[in-house]
Amino acid sequence: MSKLPKDFVLGAATAAYQVEGSSTVDGKGRVLWDGFLEKQGRFSTDPASDFYNRYEEDIKLASEYGIKAIRISIAWSRIIPDGTGEVNQKGLDYYRKVFETCRKYDIEPFVTLHHFDTPETLFEKGDWLNKDQINAFERYAELVFDEYNDVVKYWITINEPIAYVQGQYITGAFPPGEQYNTLKCLQAQHNQIAAHSRIVNLFKSKGYEGEIGLVHALTQFYSIDDQPLNQIAAYKHDIFMNGFMLDGTFLGYYTPAKLTVVKEILGEEFDKLDIRKEELEDIKKAAPQLDFLGINYYQSNWIKYHNEESYIHHNGTGDKGTSVFRVKGIGEVVKNEAIPTNDWDWYIYPEGLYDMMERVKNDYPNYKKIYVTENGLGYKDVLEDNGEVHDDERIDYVRQHIEAIERAYADGINVKGYFIWSLQDMFSWSNGYNKRYGLFYIDFETQKRYVKDSAKWYKQLSEDIYGK
């Protein structure tokens, strides 16, 4: 039997650009990915999982398999095609139908405002490096709060600020495809925290019913051994990827210790980091008002010192053992032979999730509650001739992470929900369609849904928590 309480939220997660398809219909505007993918010529997001047309089918399936909540993102460019101009009524109408369908099947929608999909016009003006985007984001947020406050009670401002800008400016896997630019990465991190804070303050000042939070992709970092230089490198990795933004999120300012590390990373470029007084005021005001933190956790990493030239190879194909991550002045991700990895070289280490939640509790005692808003196993699932998908590895992965959550809850960490990534198979940002995460298998040629063994297991977990 599950050790989780009956008010624990068992959910599944999606993202608009990865599931909807229909990227040019009903007035939707282009996003940063469209030109990037067209230039590469590798993947198309149409029809993706065709959620735009099949949302009721997928929401009904979720309900039948014990899922109580779904993370759904709004595509900014469906609502305001160019990000700043006229409002698209067809986009507003679509998401209302989606949220009302969730209510029809007793599914709680957790709605994300920005999930890696800045409108193309704003991207071309600098994306989160452009301070003007904060104003545009605030206008869009207020519009959707006003539009859907009767059907949506849980809001997420931004999904994974660090993963987005790391992909843009460090690994090059996200548009515009730059690498090793630590200044742009840190500047965009700060600007997103400023934007998030502005939205939290707006939400609270207007007295909307419900809760608002932020989702961080948090990776636990460990030194590969007890050598001082390697321990320092692990610490720097943590500040760059976690600590800088967590300070802004919960403390409302960046501690001198964090800024010292940022200065070490940036060197002479530190003076170019544009952090304004009015932004710090917004951040300070928002921090105590945050209702929840969402943690997206997939892996931990082991680090050693690296001060030579940077080199990154992103394993986007599932060719195991090919991933390389070395950034000068921050550190290198190295192999820990004692810990298993998946085909994309991501470590499978549930203990890291526990350690990260414990860190949030200890370092930021003003946190209110945590949801694990993404966690799951990317896998090369096989559809059998009889329509079955046997994904025991995924079941084992999820079970281990649920057990880590149960232990955290028993130890006094206020973790209130778990959202498996993902509800259904979908387009993956830098992997296309060969990396599957879903509880429900999708034949992308026919769009037929198949129930994986993991979905059946998830239903049993739901019954263990809530009863049949």
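This is a predicted model: local features need pLDDT of at least 70, side-chain atom pairs count only at pLDDT 80 or more; totals for chains, interfaces and linings use all residues.
## Aromatic pairs

The whole structure contains 42 aromatic pairs. In one of them, the ring centres of tryptophan 33 and phenylalanine 36 are 5.9 Å apart and the planes stand at 80°, so this pair is edge-to-face. Both residues belong to helix 2 (residues 32-40), where they are three residues apart, about one turn of the helix. Tryptophan 33 and phenylalanine 36 are both buried.

Tryptophan 76 and tyrosine 140 form a stacked pair, because their planes are at 5°, with the ring centres 4.9 Å apart. This pair joins distant parts of the chain: tryptophan 76 is in helix 4 (residues 76-79) and tyrosine 140 is in helix 7 (residues 132-148), 64 residues apart. Tryptophan 76 is buried, at 0% relative accessibility, and tyrosine 140 is buried at 0%.

A cluster linked by ring pairs consists of Tyr17, Trp33, Phe36, Phe43, Phe116, Tyr164, Phe174, Phe427, Trp429, Tyr433 and Phe444.

## Charges over rings

The charged end of lysine 380 sits over the ring of tryptophan 344, at 5.6 Å from the ring centre. For arginine 407, the charged end sits over the ring of tyrosine 354, 3.8 Å from the centre.

Glutamate 142 is in helix 7, while lysine 206 is in the loop between helix 9 (182-205) and strand 5 (211-217), 64 residues apart. Glutamate 142 is partly exposed at 28% relative accessible area, and lysine 206 is partly exposed at 38%.

Aspartate 282 and arginine 198 also form a salt bridge, with the closest N and O atoms 3.4 Å apart. This one connects helix 12 (residues 277-286), which holds aspartate 282, to helix 9, which holds arginine 198, across 84 residues.

A further salt bridge pairs lysine 236 with glutamate 264, at 3.7 Å between the closest N and O atoms. Lysine 236 is in helix 10 (residues 228-251) and glutamate 264 in helix 11 (residues 256-266), so the bridge ties together parts 28 residues apart in sequence. Lysine 236 is buried, at 15% relative accessible area, whereas glutamate 264 is partly exposed at 46%.

Salt bridges with shared partners join Asp381, Asp391, Arg394, Asp425, Arg436 and Lys452 into one network.

## Arginine 394

Arginine 394, a member of that network, lies in helix 14 (residues 392-410). Arginine 394 is buried, with a relative accessible area of 1%. Its side chain makes a polar contact with the side chain of aspartate 381 at 3.1 Å. Leaving out residues up to four places away in sequence, arginine 394 touches Leu377, Gly378, Tyr379, Asp381, Arg436, Tyr437, Gly438, Lys452 and Ser454.

Conventions. Residues are numbered from 1 along each chain as its sequence is written. Side-chain values use heavy atoms; hydrogens and water are left out. Helices (H or I, at least four residues) and strands (E, at least two) are DSSP runs, numbered from the N terminus. Buried means under 20% relative accessible area, exposed over 50%, partly exposed in between (1.4 Å probe, protein chains only). A polar contact is a pair of N or O atoms within 3.5 Å; within protein, one must be able to donate a hydrogen and the other to accept it, and residues adjacent in sequence count only if both atoms are side-chain atoms. Contact means heavy atoms within 4.5 Å. Rings of Phe, Tyr and Trp (its six-membered ring) pair if their centres lie within 6.5 Å; planes under 30 degrees apart count as stacked, over 60 as edge-to-face and the rest as tilted. A charge sits over a ring if NZ of Lys or CZ of Arg is within 6 Å of the ring centre and within 35 degrees of the ring normal. A salt bridge is a side-chain nitrogen of Lys or Arg within 4 Å of a carboxyl oxygen of Asp or Glu.
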